[in-house]
Structure formats: C-alpha cells, structure tokens
Amino acid sequence: MLRKVILLSLVAFGLSQVSAGNAADVPGEAAASAAVVNVRLVDLGHIVDLSKNHGLGIGMKGDMSKAHLKIEADKFAVPAGLITFKVVNLSAEMEHEMLVVPINSMETPLPYNGLENRVDEKASGDVGEVAELAPGKAGELTVELRPGLYALICNIPGHYAAGMWRVLAVQ
C-alpha cells in the first residue's frame with residue numbers, strides 16, 4: 001500500500017516515469033547488495049542570477065518549467081537498504097554537489113536560509129552527500145535508507161531554489 005501511495009504521489013507531481021529500482025552488485029564488500037542510482041547534475045544552458053531565490057524548491061510553489069538547473073536520476077524508486085549514488089557533474093562551467101535529505105511530503109518546504117540562499121543542512125537532517133564536484137567530475141555515496149521520500153538536492157548557493165532537486169522514493 002505504501003508503494004502505491006508513494007508512486008501515486010510522484011505521478012501527481014509530474015514524475016510519471018516511475019520504475020522500481022533493482023539491486024545491483026557494487027564493487028566492495030560493504031556495498032555488495034546496494035541498489036545503484038545513477039545521478040546527473042545538469043545545467044540547462046540558461047544564464048540565471050543565482051543570488052536570487054527563484055522559488056523552485058520543494059514546497060515553494062514555483063513553476064518548475066522555469067527551472068534553470070536540474071538533477072536527473074535513472075530511478076524514481078528503489079528498495080530500502082543500502083543505496084549507492086553514482087553522481088556525475090555534466091556542467092561545462094558550474095560546480096555542483098548532491099545531498100540526500102529525508103522529506104515528509106512534496107508540500108513541505110525544506111528549512112531554507114534566505115541569507116545564504118541555500119538549505120540549512122543541519123536542520124534538514126541530510127543523510128549524506130557527494131561534496132562539491134568540479135565540471136565533468138564524478139563522485140559516489142553509499143547510504144542505508146529506510147522507506148520514505150528523499151530529496152536529492154544541490155545545495156550550492158542558489159542552485160536548489162533554481163530547481164536543482166529530485167525526489168526518490170525508497171520502498
């Protein structure tokens with residue numbers, strides 16, 4: 001039942017390509033049974049003032065069709081347990097990062113620090129991150145996730161509120 005509710009919630013928010021993730025073997029003993037999520041950090045080629053809050057974060061009610069940055073992932077849902085995020089920054093010019101943040105719903109905004117134009121990482125309860133990646137660079141993160149919704153966000157100032165986030169359902 002929880003799977004149906006999560007998947008229906010994702011579809012309701014325009015995330016219609018929902019597919020269950022499959023466990024895949026990952027090199028290394030600790031991550032041998034981790035599901036793998038391939039993540040791409042993408043600029044959409046628009047020049048935008050990232051010193052402003054564009055209001056495109058979770059629960060901010062902005063028009064996501066105006067997003068200037070985005071996070072793409074090859075899965076919308078994965079089984080609970082060990083998850084490995086393989087992250088690549090596809091930007092030609094911008095540094096990006098990826099944090100994994102538990103969320104209660106798509107209507108509830110993350111704790112946002114307007115002065116810093118970024119999510120308050122301590123208050124968000126993030127469970128891990130792939131720290132700043134230079135253009136073209138890649139990183140990896142393996143974390144244990146319980147069932148629920150998680151936001152994958154870039155928390156470089158201005159990026160999250162410019163639309164650089166993605167929701168992942170863990171079942």
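Trainee: Which strand is joined to β11 by two bridges, and do the two run parallel or antiparallel?

Mentor: In this predicted model, β3, spanning residues 77-78, is joined to β11 by two bridges, and the two strands run parallel. To find the place on the structure, look for Ala77, which stands opposite Ala169 in β11.

Trainee: Which strand pairs with β11 in the antiparallel sense?

Mentor: That is β10, residues 148-153, and the pairing covers six bridges. Here Gly148 stands opposite Val170 of β11.

Trainee: How do I read the two faces of a strand?

Mentor: Start with the general idea: along a regular strand, side chains alternate between the two faces of the sheet. Now try β11, residues 165-170. Six of its six residues are buried. Trp165, Val167 and Ala169 lie on one side, while Arg166, Leu168 and Val170 lie on the other, and both faces are covered.

Trainee: Which residues have the most contacts inside the largest nonpolar core?

Mentor: They are Val39, Phe85 and Met98, in a core of 28 residues. Several strands give two or more residues to this core, including β4, β5, β10 and β11. The most comes from β1, with four residues.

Trainee: What does Met98 touch, leaving out residues up to four places away in sequence?

Mentor: Among its partners are Val39, Leu41, Phe85 and Val87, along with Gly128, Glu129 and Val130. Met98 also touches Leu141, Leu152 and Ile153.

Trainee: How many residues are in the other core, apart from this one?

Mentor: The other core has 15 residues, and Leu99, Val101, Ala151 and Tyr160 are among them.

Definitions and conventions. Residues are numbered from 1 along each chain as its sequence is written. This is a predicted model: local features need pLDDT of at least 70, side-chain atom pairs count only at pLDDT 80 or more; totals for chains, interfaces and linings use all residues. Side-chain values use heavy atoms; hydrogens and water are left out. Buried means under 20% relative accessible area, exposed over 50%, partly exposed in between (1.4 Å probe, protein chains only). Two strands pair if DSSP finds at least two bridges between them. A nonpolar core is a set of buried Ala, Val, Leu, Ile, Met, Phe, Trp, Tyr and Cys residues joined through side-chain atoms within 4.5 Å. Contact means heavy atoms within 4.5 Å.
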